[in-house]
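Please take a moment with the sequence and the model below before reading on.

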Amino acid sequence: MSSTGAVEAQTRTRESPEPSAEQLDRIFAILQNHRRRLVLEFLRDHDSTTQGDLARHVAAVENGIPESAVSSTQRKRVYVSLYQAHLPKLDDFGAISFDRDRGTVERTARTDELLQYLDRFEDEPQTMTLSENQFGLSTVVLLGSALFVVFVGEFGMVPADLSLGAAVLLSLVGMSAIAYDIRK
């Protein structure tokens with residue numbers, strides 16, 4: 001770990017629990033890359049690992065295949081980018097301890113700190129509330145009503161001008177509801 005990352009970590013824990021705007025910028029700069037997030041997620045369940053195992057895991061996730069199916073080309077591409085860019089950045093930040101010579105990666109106290117940020121932003125399943133569901137249903141009902149009025153007008157049960165006007169009105173209300181739903 002670089003001395004800058006260690007000093008920043010010590011200073012942060014002594015001074016205040018809330019990171020400054022500059023520290024938040026650095027945290028989000030680290031977390032903006034998908035491979036770095038995958039490294040941190042892997043370290044959630046492992047105290048230490050080798051760079052080769054990490055590269056195999058990341059390649060498997062990126063390609064949507066089991067680790068046993070990762071080709072040497074896929075693993076090598078990830079291995080090189082981890083070695084040249086991502087692991088040194090995580091190490092400089094203090095999020096991991098990366099030994100280039102031995103090819104080992106270990107968790108640090110800051111690993112858990114960054115994982116807490118990832119936990120905050122995990123994709124939660126989006127559930128539709130009752131009012132949103134009713135709103136969508138009402139849109140369908142309005143548009144269906146407009147079609148019904150047109151058909152009734154075609155059979156002469158209602159004067160043509162009246163059915164056409166009602167259909168246009170119901171369609172406009174339905175389209176407004178759809179437009180509102182899309183903006184939301």
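**From the strands to the core**

Strand β1 (residues 48-50) pairs with β3 in the antiparallel sense over 3 bridges, where strands are DSSP runs of E with at least two residues, helices are runs of H or I with at least four residues, and both are numbered from the N terminus; two strands count as paired if DSSP finds at least two bridges between them. Within this pairing, Ser 48 has Glu 106 of β3 as its bridge partner. This is a predicted model, in which local features need pLDDT of at least 70 and side-chain atom pairs count only at pLDDT 80 or more, while totals for chains, interfaces and linings use all residues. Residues are numbered from 1 along each chain as its sequence is written, and side-chain values use heavy atoms, with hydrogens and water left out.

Strand β3 (residues 104-107) also runs antiparallel to β2, to which 4 bridges join it. Ile 96 stands opposite Arg 107 of β3, and Asp 99 stands opposite Thr 104. The two strands form a hairpin with 4 residues between them, and in its turn Gly 103 has a positive phi of about 70 degrees.

Of its 184 residues, 32% count as buried.

Helix α5 has 22 residues and reaches 29 Å from its first C-alpha to its last, close to the 32 Å expected at 1.5 Å a residue, the expected span being 1.5 Å times one less than the number of residues. This helix bends by about 55 degrees at Leu 82, the bend being the angle between axes fitted to the seven residues ending there and the seven starting there. Just after α5, Gly 94 takes a positive phi of about 95 degrees.

Leaving out residues up to four places away in sequence, Val 78 touches Arg 35, Ala 55, Val 58, Ala 59 and Glu 62, where contact means heavy atoms within 4.5 Å. The C-alpha atoms of Val 78 and Glu 62 are separated by 9.5 Å, although the two residues are 16 apart along the chain. Ala 109 in helix α6, by contrast, is exposed, with a relative accessible area of 68%.

The largest nonpolar core has 27 residues, and those with the most contacts inside it are Leu 40, Leu 87, Leu 90 and Leu 114; such a core is a set of buried Ala, Val, Leu, Ile, Met, Phe, Trp, Tyr and Cys residues joined through side-chain atoms within 4.5 Å. At least two residues of this core come from each of α2 (21-31), α3 (34-44), α4 (51-63), α5 (72-93), β2 (96-99) and α6 (109-120). Apart from its neighbours within four places in sequence, Leu 114 is in contact with Ile 27, Ile 30, Leu 31, Leu 40, Phe 93 and Ala 95.

Conventions
Buried < 20%, exposed > 50% of the residue type's maximum accessible area, 1.4 Å probe, protein only.
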